[in-house]
Amino acid sequence: MPEPLIGVTTYLEPAAWGVWSVPAALLPATYPAMVHRSGGLAVLLPPDPDPGAARSVVARLDGVVIAGGADVEPVRYGAEPDARTGPPARDRDAWELALIDAALDSGTPLLGICRGMQLLNVALGGTLVQHLDGHTGGPGVFGRHRVTPVPGTRYGSLAPEPVEVPTYHHQSVDRLAPPLTASAHSDDGTVEAVELPGTGWVLGVQWHPEASDDLTVTRGLVEAATG
């Protein structure tokens with residue numbers, strides 16, 4: 001059986017290399033490496049100027065990863081921006097929300113990582129805490145903390161024991177979207193994983209599995225995409 005094709009979203013940022021300084025679709029190499037090590041083939045999904053293309057894109061994929069990145073623009077969940085909220089990435093918000101909708105409608109396995117988990121919550125009607133301390137190791141450095149699974153959840157079946165995870169976020173779930181279930185928490189009570197109950201495979205994690213050797217969640221995604 002061929003390896004499942006997993007689409008991974010990207011940044012769209014100014015970048016410079018060699019003699020060039022141009023807008024670029026960017027993604028840490030650890031994301032496609034994580035997909036490959038989990039048994040999938042990775043394809044990058046930079047923001048498309050036509051979010052309506054998301055359904056055609058998802059129809060060609062076996063699974064979708066919404067990667068980490070910039071803060072979700074607060075207007076998406078009906079809030080005013082906090083002074084500590086970062087600048088919006090509107091093209092990326094629109095594209096990734098369209099990908100989430102397309103994946104949910106088609107039953108395509110979906111994994112949200114950090115921002116991706118937050119965007120999943122927003123897409124389904126939830127809100128976000130716009131600033132949270134203690135979940136980074138400092139600028140540009142991953143922190144680490146423990147997450148504890150909720151028994152009886154999909155994540156709890158993948159990882160039944162508490163684990164230490166790499167973390168880098170200053171926002172988190174505030175009001176959980178009604179369709180979602182919280183499936184892991186940190187010691188301070190922050191929601192660290194969410195999922196959509198039912199027969200489909202939809203999971204969001206607040207930490208960064210691409211920054212560790214633990215392939216638990218991505219192997220779960222690839223297995224679901226293979227089936």
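Two strands pair if DSSP finds at least two bridges between them. Strands (E, at least two residues) and helices (H or I, at least four) are DSSP runs, numbered from the N terminus. The model is predicted, so local features need pLDDT of at least 70 and side-chain atom pairs count only at pLDDT 80 or more, while totals for chains, interfaces and linings use all residues. Residues are numbered from 1 along each chain as its sequence is written, and side-chain values use heavy atoms, with hydrogens and water left out.

**View 1. Strands β5 and β6 pair in the parallel sense.** Strand β5 covers residues 63-66. Its pairing with β6 runs over 3 bridges. Valine 65 has leucine 111 in β6 as its bridge partner.

**View 2. An open sheet holds 9 strands.** The order is β4-β1-β5-β6-β13-β12-β11-β8-β9, with mixed pairing. β4 (41-45) and β9 (163-167) stand at the edges; each has a single partner strand, so one side of each lacks a neighbour in the sheet. From one strand to the next, the twist averages 25°. Angles run from 0 to 180 degrees between N-to-C directions, and axes are lines fitted to C-alpha atoms, for helices over the stretch in contact.

View 3. Contact means heavy atoms within 4.5 Å.

**View 4. Threonine 108 sits in the loop between α3 (90-106) and β6 (110-113).** Threonine 108 is buried, at 9% relative accessible area. Buried means under 20%, exposed over 50%, and partly exposed in between (1.4 Å probe, protein chains only). Leaving aside residues up to four places away in sequence, threonine 108 touches Val58, Leu61, Asp62, Gly63, Val64, Ala103 and Trp201.

**View 5. Threonine 127 lies in the loop between α4 and β7 (128-129).** Threonine 127 is buried, with a relative accessible area of 10%. Beyond four places in sequence, its contacts are Tyr77, Asn121, Ser172, Val173, Asp174 and Arg175. Proline 74 is 53 residues from threonine 127 in sequence, yet 8.5 Å away, C-alpha to C-alpha.

**View 6. Trp17, Val19 and Trp20 make a nonpolar surface patch of about 420 Å².** Patch residues have over 30% relative accessible area and no salt bridge; nonpolar side chains (Val, Leu, Ile, Met, Phe, Trp, Tyr) are joined within 5 Å, like charges within 9 Å. A salt bridge is a Lys or Arg side-chain nitrogen within 4 Å of an Asp or Glu carboxyl oxygen. Tryptophan 17 lies in strand β2 (residues 11-17). Tryptophan 17 counts as partly exposed because its relative accessibility is 46%.

Note on methods: Accessible areas come from the Shrake-Rupley method with a 1.4 Å probe; for residues, only the protein chains shown count as cover.
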